[in-house]
Amino acid sequence: MWPGNAYPLGATYDGAGTNFSLFSEVAESVELCLIARDGSEERVALTEVDGYVWHAYLPAVVPGQRYGYRVHGPFDPANGLRCDPSKLLLDPYGKAFDGAFEFRTGPAGCASGGRPLYERGVDSLGHTMTTVVINPYFDWQSDRAPRRPYHETVIYEAHVKGMTATHPGVPEELRGTYAGLAHPVVIDHLTALGVTAIELMPVHQFLHDQVLLDQGLRNYWGYNTFGYLAPHVEYSSAAKASGAVAEFKAMVRSFHAAGIEVILDVVYNHTAEGNHEGPTLNFRGIDNAAYYRLVDDDKSRYMDYTGTGNSLNARHPHTLQLIMDSLRYWVTEMHVDGFRFDLASTLARELHDVDRLSAFFDLVQQDPVVSQVKLIAEPWDVGEGGYQVGNFPGLWTEWNGKYRDTVRDYWRGQPATLGEFASRLTGSSDLYEETGRRPSASINFVTAHDGFTLADLVSYNEKHNLANGEDDRDGESHNRSWNCGVEGPTDDPEILALRARQRRNILATLFLSQGTPMLAHGDEMGRTQSGNNNVYCQDSPLSWMDWSLTESNANLIEFTRHVIALRAAHPVFRRRRFFDGRPAPGGHTDRDIVWLTPTGVEMTDQDWDSGFGRSLAAYLNGDAIREPNHRGEPVTDDSFLLCFNAHDEGLEFTVPDDGSHRHWVVALDTAAATGRSDATVDAGATLKVPGRSLTVLRRAG
């Protein structure tokens, strides 16, 4: 054993040996435990300590070596101290993990509910995963990050396993894996849709809760992380730690070759160790008070801003370092292109309140690597004052929950939504402009993993979550959904037609809105979860993609391709700057956007305030785009008229006539199964827009 170095933290193989480094301010001594193939261990005392970092270099240790730590120190939960050398602890900087947790097997198990999963003083070796030294070297070939601008980005939220678990075109041994996700048939589907970025639900190493396993369920979504630098090993086609890292890298390389960025959904707000009765996996036993927010007057308990039992302590410098080192690692070593931060408000809490000037935001802002990738916040948590839509710093984009709610309300016919709908359609300047951000700061979505699928949104008024084993108490109860007249499955052709049209209305609105659109996986083919709006524990066909829908719902897929292609072809739908409604410079009198009533008259305050109004038209002027392209050249486009009708009856819309153009052509019609139409309308004439539909006109010759 050589002294080694305190940095980098974790296990670092250099081609000849491995450096080990672990932070613990409370430790009195630390043992590195090398685990042999037969499960036995060799303990190596770490005697070198610099700034509370314990380290050593072992020349003989090579990739594949399994290891853990035993931390000796005070056990005093009342004061937030939970050192217990009987526990084999995982490396917080571990880049791969092996084995499985066996909470109810052997002497270390828990025989009944209500007691800690791990008893103090009982050795956990053999009942826990181990960390694995990896080989960091990989042939990236000519890999280059696509670096797609936000205003040209179309995000597709997906689950690694759920995307391919039943795909007939993916070899069975690759289904549900990183390799399966990167299979050409999957990439071809995404590129044909027009997707430019895939946002993966959590792929950091996570834990399946014992309470779920006891019910025959699993933590399907993966929001239960304990390894922030390791790809989840169950998603490896070989199901081995040694192959997970290389397989993940190969997946990223394949996506990049197709021009698709990879964004990770990351969970730095809490860990899998749960509340004070949870298992001791790593953080709790290494330095409990450094890694977690503890209750001020009862340090045996954890602050819980996440609803999961604990909150990571983003105020502590070493915890902040772990977060930043993790982010930087996934960019530099794994080549990912951005992150979506789960319950990001938790990371911004300094004392109790959410603070835009928190240390975490400062570190991200100045980091030369992390600051240059896509940063997406889920701008809320479950703590007081946690809803922070519109309040994140200028570098960030946000899941726009107000967009989701407004679009749902408009198309289900809620009153007094016109003004709010117009604001969301045009990029939510009321939320983002004051902080110097642009329309792309609004990540527009109507459905996501959490909640109804698009098909269920128009088929159910109530959630149906009994399969989760919580008596339907879990999941959101106020979904802003509408079943179109019948709850769940029906054979009524009129209701089925209305539901299909509502799906197209929502998809068209999503992709023709200013901002960055995000499509939930399977919505393009009508994926259903049978009314379950919280499938976090359903690792089954209920939550997986049903690829047979590509045939039965081929028209919906074609519609989605068509509307995404319309967006991609016309910069007027993806402007880099907000509309201002003023006349264009240089002598032109036309404004960049004009809001009209169905009669062709400009909207008045009275029209906007009308509680019963459900229809309006938006004229988008392609000759009045203020911002140049990336080469500084002027941007001009066709002009469009978007006719929205959320009434249940058809309405006549008067088509503008500026005297210089004779007719308009239908670019999109949500009343048509594929959205395509060859109809034309004379300038100044009227167009019948069917009830609950959207027609998009393009100004022609």
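**Notebook: pockets, strands and helices**

By class, I count 14 nonpolar, 10 polar and 14 charged residues in the lining of the second largest pocket. For these classes, Ala, Val, Leu, Ile, Met, Phe, Trp, Tyr, Cys and Pro are nonpolar, Asp, Glu, Lys and Arg are charged, and the others, Gly among them, are polar. This is a predicted model, in which local features need pLDDT of at least 70 and side-chain atom pairs count only at pLDDT 80 or more, while totals for chains, interfaces and linings use all residues. Residues are numbered from 1 along each chain as its sequence is written, and side-chain values use heavy atoms, with hydrogens and water left out.

**Entry 1: the pocket**

I looked up the space in this second largest pocket and found about 940 Å³. Its lining has 38 residues, and Arg147, Arg148, Pro149, Tyr150 and Lys374 lie nearest the centre. A pocket here is an open set of points on a 1 Å grid over the protein atoms alone, with protein on both sides within 12 Å along at least five of seven lines; a cavity is a set where a 1.4 Å probe fits but cannot get out, and lining residues have an atom within 4 Å of a point. Grid points are joined across faces, edges and corners, and a volume is the space filled by probe spheres set on the points.

**Entry 2: the cavities**

Next I searched the whole structure for cavities of 30 Å³ or more and got 7. The largest cavity holds about 70 Å³. Arg408, Trp411, Arg412, Leu457, Val458, Arg480, Ser481, Trp482, Gln502 and Ile506 line the largest cavity.

Helices (H or I, at least four residues) and strands (E, at least two) are DSSP runs, numbered from the N terminus.

I then checked how well β16 is covered: 6 of its 6 residues are buried. Buried means under 20% relative accessible area, exposed over 50%, and partly exposed in between, with a 1.4 Å probe and protein chains only. In a regular strand the side chains alternate between the two faces of the sheet. On one side of β16 sit Glu261, Ile263 and Asp265, on the other Val262, Leu264 and Val266, and all are buried.

What does β16 pair with? Strand β13 (residues 197-200) runs parallel to β16, joined by 4 bridges, with Glu199 opposite Ile263. Strand β19 (residues 338-341) also pairs with β16 in the parallel sense over 4 bridges, and Arg340 is the bridge partner of Asp265. Two strands pair if DSSP finds at least two bridges between them.

Ala272 lies in the loop between β16 (261-266) and α6 (283-291). Ala272 has 7% relative accessibility, so I count it as buried. Leaving aside neighbours within four places in sequence, Ala272 is in contact (heavy atoms within 4.5 Å) with Leu207, Asn224, Thr225, Phe226, Pro279 and Leu281. I also noted that the C-alpha atoms of Ala272 and Tyr223 are 8.3 Å apart, with the two residues 49 apart along the chain.

**Entry 3: an open sheet and a hairpin**

I traced an open sheet of 5 strands in the order β4-β3-β7-β11-β10, with antiparallel pairing. β4 (41-46) and β10 (97-98) stand at the edges with a single partner strand each, so one side of each lacks a neighbour in the sheet. β10 is joined by 2 bridges to strand β11 (residues 130-132), where Thr130 is the bridge partner of Asp98.

β17 and β18 make a hairpin with 2 residues between them, and Leu294 stands opposite Tyr302 in β18.

Helix α15 (residues 554-569) has 16 residues and reaches 22 Å from its first C-alpha to its last, close to the 22 Å expected at 1.5 Å a residue; the expected span is 1.5 Å times one less than the number of residues. Its buried residues include Leu556, Ile557, Phe559 and Arg567. Among the elements that cover the buried residues of α15 are α3 (184-193), α13 (493-512) and β28 (663-669).

β28 runs antiparallel to strand β31 (residues 693-699), with 5 bridges, and Trp664 stands opposite Arg699.

Last, I looked at helix α7 (residues 317-332), where 12 of 16 residues are buried, among them His318, Asp325 and Trp330.
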